[in-house]
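Look at the structure first, then read on.

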Amino acid sequence: MQQALIELHERHRGNLDGALADYIPQLAMVEPDQFGVAVATTDGQLFTAGHADRPFTIQSVSKPYAYCIALEMIGRKAILGRVGVEPSGDAFNAIIFDPKTNRAFNPMVNAGAITVAGILYEQVGEGAFPLILDRLSQAAGRPLAINEAVYRSEVETGHRNRAIGHLLRNCGAIDGPVDAILDTYFRQCSIEVTATDLAHMGATLAHIGENPSTRRQVFELNAVRDTLAVMFTCGMYDYSGGWAFNVGIPAKSGVGGGIVGVVNRQLGIGTFSPRLDAQGNSVRGLAAFADLSSDFGLHAFECT
Ligand code: GLN
């Protein structure tokens with residue numbers, strides 16, 4: 001696996017397609033050529049290539065983990081009344097709700113993730129962000145922290161997310177102080193991770209909630225199952241169908257350039273490369289996942 005990762009990294013290193021996210025000004029300032037890949041197995045091994053230990057902000061890769069925590073706290077029936085599980089087919093920041101339910105389509109797009117932040121805020125108030133940070137840290141197997149500059153940049157420019165928050169409050173999907181809920185959401189997006197962290201975080205889900213390196217149970221079994229299902233159908237924004245078809249690994253991407261993938265009972269995969277395609281997915285991350293899936297037969301419906 002180690003040799004295969006080095007070759008994979010080499011194969012895609014020269015691909016400079018795509019562009020940095022710039023709607024959050026601090027994201028436009030990262031070094032664009034960084035590229036790291038990491039794979040963690042459920043029996044505790046780690047393989048890395050390239051810039052696997054460079055920090056970047058987790059952004060939307062935090063969304064399945066926050067959803068998993070909310071599932072544990074209020075249960076799947078209650079959460080389904082607040083946010084759906086249907087792929088939206090729209091961009092991650094779309095200001096569109098499911099017309100049948102008047103709720104966000106799913107927890108992997110901004111509207112759904114802000115709803116989830118609202119649920120956590122209802123449950124534990126100002127403790128919501130520390131709770132998210134603690135559980136993500138347990139999944140990564142080390143203490144994580146936020147990137148203050150990115151956090152401030154999100155707060156200063158997050159008007160679209162504010163609009164979504166107020167609409168959610170207006171239609172009753174969230175019921176609490178919108179500014180504090182958005183602050184929780186902005187902070188969770190600003191948590192700094194590496195590709196290696198994402199591999200461990202993926203392996204924790206692959207190992208049905210137990211971090212294979214620390215042996216600590218981080219998430220509950222049923223919540224993990226529900227989270228993986230939503231990652232599989234909705235994790236890659238409006239490329240989710242194509243991703244399920246071509247790659248077939250439950251995954252979540254973020255505009256910081258990270259992607260986490262979960263090969264059930266086997267592997268967590270983390271990639272980092274900040275140049276994004278039109279859907280907001282990391283270009284070299286997509287290429288690396290596609291190769292790993294075909295080279296190692298990781299597609300969920302692999303037949304050979
Ligand atoms: N913080 C970003 C936002 O809310 C996260 C989006 C993403 O990674 N797709 O716009």
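In this predicted model, the axes of helix α6 (residues 159-170) and helix α7 (residues 178-189) come within 10 Å and cross at roughly 130°. On the α6 side, the contact is made by Asn 161, Arg 162, Gly 165, His 166 and Arg 169. Val 178, Ile 181, Leu 182 and Tyr 185 make it on the α7 side. Residues are in contact if their C-beta atoms, placed from the backbone, lie within 7 Å.

Helix α3 (residues 110-124) also has an axis within 10 Å of that of α6, and the two cross at roughly 60°. They are therefore oblique to each other. Asn 110, Ala 111, Ile 114, Thr 115 and Gly 118 in α3 meet Asn 161, Ile 164, Gly 165 and Leu 168 in α6.

| α6 with α7 | four residues | three residues | two residues |

Ala, Val, Leu, Ile, Met, Phe, Trp, Tyr, Cys and Pro count as nonpolar, Asp, Glu, Lys and Arg as charged, and the others, Gly among them, as polar.

Now the ligand. Residues around it (C-beta atom, placed from the backbone, within 6 Å) include Asn 110, Asn 161 and Cys 189. By class, this shell has three nonpolar, seven polar and one charged residues.

Residues are numbered from 1 along each chain as its sequence is written. The model is predicted: local features need pLDDT of at least 70, side-chain atom pairs count only at pLDDT 80 or more, and totals for chains, interfaces and linings use all residues.

Conventions: Axes are lines fitted to C-alpha atoms, for helices over the stretch in contact, and angles run from 0 to 180 degrees between N-to-C directions. Helices (H or I, at least four residues) and strands (E, at least two) are DSSP runs, numbered from the N terminus. Two residues are in contact if their C-beta atoms, placed from the backbone, lie within 7 Å. Angles under 35 degrees count as roughly parallel, over 145 as roughly antiparallel, 65 to 115 as roughly perpendicular and the rest as oblique.
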